[in-house]
Amino acid sequence: MPLEFPTIYLLPTHIDPDKLPELESKIPTLTYDINEASVVLGKISNRERAKFELKRKKIATEDIHSPPAPLPSPETQTAVPSPPAKRRRLSDPSFPKATRGAQPRIASDEDSSLDEKVVNRDVADKEDMSVIKVVKLAWFTDCLARGTILPLDNYLIYQGRKIHQTPSKPRQNPHDVFERARQEGGSQQSNPRYASTSASQHPKTSPHVKRPALEHESTSEHECPANMPPIPDYLHTSYSCQRPTPFNPPNHNFIEELEKVRTLRTLEGDEVGVRAYSTSIASLAAYPYLISRAAEVARLPGCGDKIATLYQQWKANGYLEEVENAKEDPKMSVLQLFYGIWGVAATTAQEFYRKGWRDLDDIVDYGWDNLSRVQQIGVKYYDELQEKIPRREVEEIGGVILSHANKLHKGFQMVIVGGYRRGKTESGDVDVVLSHLDATATHDFVAHIVDSLEKDNFITHTLIMSTKNSERGQTPVAWKGKTRKAGSGFDTLDKALVVWQNPLWDKGTSPKNPNPHRRVDIIISPWKTAGCAVIGWTGGATFERDLRRYCKHDKTLKFDSSGVRSRTDGSWVDIESDADGPAPDMLTAEKRVFERLGLEWRPPEERCTG
């Protein structure tokens, strides 16, 4: 039987960010809202630190001094201890949308007896939610190791009673949220949605599934969840790479607001919040019906009461209060400005702000010499790099790159990946993957093609050039397990991240080139891993995250754009060849990767998880 854990909030403090998602996935009652938690797990050891962490989360408490635990008698002592308790960031020009890039997961553990389970449920139902306990992380891991809920006594760091500085509202359940939404807004009519103007080379699942016809309902019947559209089976999966997630989902407008909140979490450095919103967004984007009530949101995996309440707020107002408040917050506006600079991460944006800089002129006047070359280029072409690139121009840039590649060595194939391939009408940058059946053709090729494009004045600046793959002879790198060093977040393929400008213009109308500078990424993959490269550079951020999680937990494999490795012995696994040899083209190789990972084929337009 599953262990009846209390509602748990996990403090990320002192936990390796790479290990945090795996740890979260083991907590069956994980909440991302500390106000819902009765137990706070932390890798901390003293009472004052525990109080500090609660204060950081805006939880005011008064100390509760626990009475000494009674000594066990021979009659009550058992071989294994037991009892427990209970369960937990822009399309608007003034609010730029983040393009950088978790999910509450459901797991389960086991109790020691049926009687104990009943007792645990009674305790959970009667849990005083005004009391919060900060407990050592070792308590949870020890519970899993022993297969039973252990007493908190030996692990308790601090317990306190929450001090409510304003009158507290009773916690809402999904039906309460739904009822208020029904009274205030009624059923929402479908908004007309624009369709992608691009023609696709892939078969595609319709993003707008017709809502099932519902029979006439009385008021009481209307409140019953049974009268809502059924949740598709694929939404009950743990991984977004197993679901069709269309480019143009029915609930696009609400999702867009949640993406703005996720951007705020990114700027605040809240990694847990970013993952939580990413999970909710991916779930909503895969839901095939236009949502009309908050209770519909509350029941979706990865959403729950919190996202349902935000939906109700958005439906009533047409916006989310946090997003509107951020627009009026001078600090947040400055952080968004700095975060839009290419080469500036959220932590660097915060650092610029702490130095007293408030606009791009401040950076130029007071910090120019301390910027990296990449950041200087990002500041210099800030406005141009913010402009979106229409599909026609993306295709023209891709055509120039492929033409230069084949002038250097005939036989290159190319796939334009990224948002373009997922169906976006406009892109923030251009990503292309080049490959060739002849392995000698791709070796050190990235330097040659950049040189060729520079000579013809298409590339104005090279931001990053990586030749790691060629340096090791294009041999897929073995997975080094837990001994590996943290990388830059990139795969190990050869690549050039460049600034591009069309060198052709009518010089009779302007002495200076008026064409905007664009960001272009050129990725070179050996043929034997071209399918992985195409997949890794195509999907939305959450799709890619969940693909890596799926390979790790369900297949004992390590996936990235440079290939698949075994987590058992670290060896490279060839999943793109068959009895007749390598795939004949890059798109066939991509489909083979899906098939051999045990995944249903999803065309690029169905990998739009955000």
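1. In this predicted model, helix α7 passes helix α10 in a right-handed crossing. By class, the contact between α7 and α10 has six nonpolar residues, one polar and one charged. On the α7 side the residues are Asn-253, Phe-254, Glu-257 and Leu-258, and they meet Ile-307, Leu-310, Tyr-311 and Trp-314 of α10.

2. The geometry of this pair is as follows. α7 spans residues 252–268 and α10 spans residues 304–317; they pack at an angle of about 115°, and their axes are 11 Å apart. The two helices are therefore roughly perpendicular to each other.

3. An open sheet is formed by five strands, ordered β7-β9-β12-β11-β10, with mixed pairing. β7 (413–416) and β10 (459–466) are the edge strands, each pairing on one side only. On average, neighbouring strands of the sheet are turned by 20° against each other, direction ignored.

4. Within the sheet, strands β9 (residues 430–436) and β12 (residues 518–526) run parallel and are joined by seven bridges. His-436 has Pro-526 in β12 as its bridge partner.

5. Helix α15 (residues 373–380) touches β10 and β11 (494–500), and its direction makes about 145° with that of β10. Helix α24 (residues 586–596) touches β7 and β9, and its direction makes about 60° with that of β7.

6. On confidence, the protein averages a pLDDT of 82, and 77% of the residues score at least 70. Residues 67–126 have pLDDT below 50, yet this stretch has 169 contacts in the model beyond near neighbours in sequence. Over residues 167–171 pLDDT also stays under 50, and the model has three contacts for them beyond four places in sequence.

Technical notes: Residues numbered from 1 in each chain as written. Predicted model: local features only at pLDDT ≥ 70, side-chain atom pairs only at ≥ 80, totals over all residues. Heavy atoms only, no water. Axes fitted to C-alpha atoms, helices over the stretch in contact; angles between N-to-C directions. Helix = DSSP H or I, 4+ residues; strand = E, 2+ residues; numbered from the N terminus. Parallel < 35°, antiparallel > 145°, perpendicular 65-115°, else oblique. Left-handed = near helix turned anticlockwise from the far one by under 90°. Contact = heavy atoms within 4.5 Å. Nonpolar A, V, L, I, M, F, W, Y, C, P; charged D, E, K, R; others polar. pLDDT = per-residue confidence, 0-100. Pairing = 2+ DSSP bridges.
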